There are 2 protein chains.
Amino acid sequence: MSGFLRNLGVRLPLIQAPMAGGPDSPALAAAVSEAGGLGSLGCAYLTPEQLEQAIAATRALTPAPFAINLFVRSDPPDDAGAMARVAAALEPLRRELKLTEQPAPAKPLPGFDAQLEVVLRLKPRVLSFTFGLLAPHQLAALRAAGIATVGTATTLEEGEALQRLGVDAICAQGSEAGGHRGTFLGDPYDALTGTLTLTRQLVTRLRVPIIAAGGIMDTAGIRAVLHLGAFAAQLGTAFMLCPEAGTHPAHRAALKSAAARTTVVTRAFSGRAARGIKNRFSELFGDRAQQIAPATFPQHQALTAELRSAAAAQNRPDLMQLWCGQNAVMLRELPARELVGALIDGLVSI
Amino acid sequence: MSGFLRNLGVRLPLIQAPMAGGPDSPALAAAVSEAGGLGSLGCAYLTPEQLEQAIAATRALTPAPFAINLFVRSDPPDDAGAMARVAAALEPLRRELKLTEQPAPAKPLPGFDAQLEVVLRLKPRVLSFTFGLLAPHQLAALRAAGIATVGTATTLEEGEALQRLGVDAICAQGSEAGGHRGTFLGDPYDALTGTLTLTRQLVTRLRVPIIAAGGIMDTAGIRAVLHLGAFAAQLGTAFMLCPEAGTHPAHRAALKSAAARTTVVTRAFSGRAARGIKNRFSELFGDRAQQIAPATFPQHQALTAELRSAAAAQNRPDLMQLWCGQNAVMLRELPARELVGALIDGLVSI
């Protein structure tokens, strides 16, 4: 048992990964935390008010600790040319989905500073973050508030930067992981390091305790990463079929289908590299089979938002954002408490 | 201990990966086998006579079993247009290396059938193969000769195909692995599944015993894949700095440098996807930053052969083929016997 989890009073070396934008939920995070793991809420897209509500909703369900996850963003300025190009490329798909010719004005993402203010005020036990580094004064404020910090690394360089910053733990996001890549130094396509490799590199080269993420779906996977020296395994895709998860029905169906055997890392949906089930939309702005260069995050995401919502509403998995790790073939459909029980079955023997 | 290794009389769950074209050698394979693991010789580029010599040279060094590895190829017909395009792209680099304007005529790769004939006659204990499936009559002939067979899978679909064929074991080639990708069904860039994930998928979905490969560099890595259910770990990059290896001095220097932290899967060198250290040449025909589409294997490889040789002779790592897995940062420089000892240190405790 690591000091990190012991300090939190978390019994199991198991973290439910944050999955912003739908799949995670207060019900899921609370159920995992109640079962002895550490639940997470991906709050990157929430306004300060929504973030406050999400924390309150989770606290209403459990007194156990859980983690809030935010994106540390430094948004580039709008590139009108790129945005016009993407908008034009989306136009035929918008027509296909019977959307009006004029896209609804995109909502800007909530500002990180305002989100952090809520976290500092409401003091969830853990803040995990991705896409970058907190400023030293932000880390100091979190520490002073008694909030443990977890940074996300996709390379050894990023792990080294997080260690210099002084986080309490680092999540090694292996290439198998679904959803957005956390890469913040260099090209994310050069930072697709397998979970086994990245975990072992960070464990042997850093002093900060390491969480392993990517492709872990069962007890053997958890045991393997503990043997690599991680103190906990973080699982996202594994929880996506739980009834407590907010996963869209068409997304659930895709996860259970043979389509989920083929995932790609693509910038098509948000402008940032993310792993999901390969589909028609992922290939439109694909990085290899690329027809049209995407705009940057979050402008690109804003441009695709209305289309993605319409695709979900119309059950069109070919145009939906179907985040998924590489190991959906091992998915089980169980309530979160039972899944946690199955995941740690026999783990005591390590 | 698995039946596969027990039948061979191999004591340790450790296989030295075949590394055709230089890094492996009879001295390396023999040293690993003598130390209790299973050495391998990558013989894909050897003529029948050279293959016979390599087997004899290894047998002169050890009575222990070792594996021969071959590429199961189905070469596409020459595409004159693609070859002319590649030749033109290589021209400035040829000038830079002071090669004559007219490339030397490319040597065709030895035929697989002739190679297999040598294997059936000389009966090494194991034939591992990659890039495809043996024909059923070839597998039957190997079995009749008492030669164990190991196929290479990069996806669950390929594992299923190898199981149907009836191989004795399957090597799960995780995305971390260096050198050529074995992918033979579908796009190799859709088949970059992490070692942890692929190993666990094949172990849980197939009945054939599984070997795990990709990013494994130490005892903890071996222990992790054994806990995933693999019966052995296969390590390539880990052996590349052994004095017994044939690794080129400039390649050794690159493996020890910070450059080895960034590897890419590229078709630039051979026309087939392979993982190596990112350099100027890998980016020339890169699949993402692609300037020029490569020709297919082995035509593309033949076109680049003289240039690659000249680059090696002139110590020009920017133009050399620097195969490397994702975990070179953990490389140790030890004689093979000592390295095997270090790799299995404490492994008895599993």
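Modeller: Start with two terms. Two strands pair if DSSP finds at least two bridges between them. Strands (E, at least two residues) and helices (H or I, at least four) are DSSP runs, numbered from the N terminus. The model is predicted: local features need pLDDT of at least 70, side-chain atom pairs count only at pLDDT 80 or more, and totals for chains, interfaces and linings use all residues. Residues are numbered from 1 along each chain as its sequence is written, while chains are lettered from A and ligands numbered from 1 in the order in which they are written.

Now the sheet. Chain B has an open sheet of eight strands, with parallel pairing. The order is β1-β9-β8-β6-β5-β4-β3-β2. At the edges sit β1 (14-16) and β2 (39-42) of chain B, and each pairs on one side only. From one strand to the next, the twist averages 25 degrees.

Look inside it. Strands β6 (169-173) and β8 (210-213) of chain B pair in the parallel sense over four bridges. There, B:I170 has B:I210 in β8(B) as its bridge partner.

Next, a helix. α7 (156-165) of chain B lies across β5 (148-153) and β6 of chain B. It runs at about 160 degrees to β5(B). Axes are lines fitted to C-alpha atoms, for helices over the stretch in contact, and angles run from 0 to 180 degrees between N-to-C directions. Contact means that C-beta atoms, placed from the backbone, lie within 7 Å.

Finally, the chain contact. It takes 33 residues from chain B and 33 residues from chain A. On chain B's side, α8 (195-205) and α9 (219-227) each supply at least two residues. α8(B) gives the most, with six residues.

Terms used: Two residues are in contact if their C-beta atoms, placed from the backbone, lie within 7 Å.
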